[in-house]
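User: Please take me through this model, and for each term that you apply, set the value against its definition.

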Amino acid sequence: MIRVDIPGREKLKIENILFDFNGTLAVDGKIVDHIKDKLITLSKMVNIIVITADTYGSGKSECDKLDLNIMTFPKDCAGMHKQEIVYKLGSERTVAVGNGYNDLEMFEASCFSVAVIGEEGLSSKLLLKSDIITRSIEEAIDLFLKPDRIKADLRW
């Protein structure tokens, strides 16, 4: 678990981090090499769940290599399926990380959200629903490995 005491706000108790796969963790269906070690380190602190419609058909093999949990869902109504996963895990202890329009409901349901501007871009609608915006997936993961960064961004 990661605890973040944000002055002037509620404390975050992060048990689960949901990562959107395509466009967030992966570019063109492949997890970016330079973040793999960071994901392994983070997975020792919290439960990581990678969620995907598996557009490229590579999600399972990419996540299995890193021993990450992966959940797939139908391509239709992706936003609704992502939101349901947050509710099943517990909104108050689940964080969402994504970049796409279909991440909106997941962001709204989670206790904290991070939007990632990656090589595949970022939905402007999602930008407005996020707590923090990062320039890369590496920066997003580093927020959780160095939680004082979250505190600095969100203090009252």
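**Terms and values**

User: How many of the residues of β8 are buried?
Analyst: β8 is mostly covered, with five of its five residues buried, where buried means under 20% relative accessible area, exposed over 50% and partly exposed in between, with a 1.4 Å probe and protein chains only. The strand itself is a DSSP run (E, at least two residues; helices are H or I, at least four), and both kinds of element are numbered from the N terminus. The model is predicted, so that local features need pLDDT of at least 70 and side-chain atom pairs count only at pLDDT 80 or more, while totals for chains, interfaces and linings use all residues. Residues are numbered from 1 along each chain as its sequence is written, and side-chain values use heavy atoms, with hydrogens and water left out.

User: Which residues of β8 point one way, and which the other way?
Analyst: Thr-94, Ala-96 and Gly-98 point one way, whereas Val-95 and Val-97 point the other way, and all are buried. In a regular strand the side chains alternate between the two faces of the sheet.

User: Which strands are called edge strands, and why?
Analyst: The order in the open sheet of six strands is β7-β6-β3-β8-β9-β10, with parallel pairing. β7 (69-72) and β10 (132-134) each pair on one side only, and are therefore its edge strands. β7 has a parallel partner in β6 (residues 47-52), with four bridges between them, and Asn-69 in β7 is the bridge partner of Ile-49.

User: What makes a set of residues a nonpolar core, and which residues have the most contacts inside the largest one?
Analyst: A nonpolar core is a set of buried Ala, Val, Leu, Ile, Met, Phe, Trp, Tyr and Cys residues joined through side-chain atoms within 4.5 Å. The largest has 33 residues, and those with the most contacts inside it are Phe-19, Leu-39, Val-97, Phe-144 and Ile-150. Its largest share, five residues, comes from helix α6 (residues 137-145). A second, separate core of 15 residues includes Ile-49, Phe-73, Ala-78 and Leu-126.

User: Why is the pair of Lys-30 and Glu-62 called a salt bridge?
Analyst: The term requires a side-chain nitrogen of Lys or Arg within 4 Å of a carboxyl oxygen of Asp or Glu; the closest N and O atoms of Lys-30 and Glu-62 are 3.9 Å apart, so the pair qualifies. Lys-30 lies in strand β5 (residues 30-31) and Glu-62 in helix α2 (residues 59-65), so the pair ties together parts that are 32 residues apart in sequence. Lys-30, at 47% relative accessible area, is partly exposed, whereas Glu-62, at 4%, is buried.

User: Which residues does the network around Arg-93 and Glu-92 join?
Analyst: The side chains of Arg-93 and Glu-92 meet at 2.4 Å, N to O, in a salt bridge, and salt bridges that share partners join Glu-15, Glu-92 and Arg-93 into one network. Glu-92 is exposed at 52% relative accessible area, while Arg-93, at 28%, is partly exposed.

How values were computed:
Pairing = 2+ DSSP bridges.
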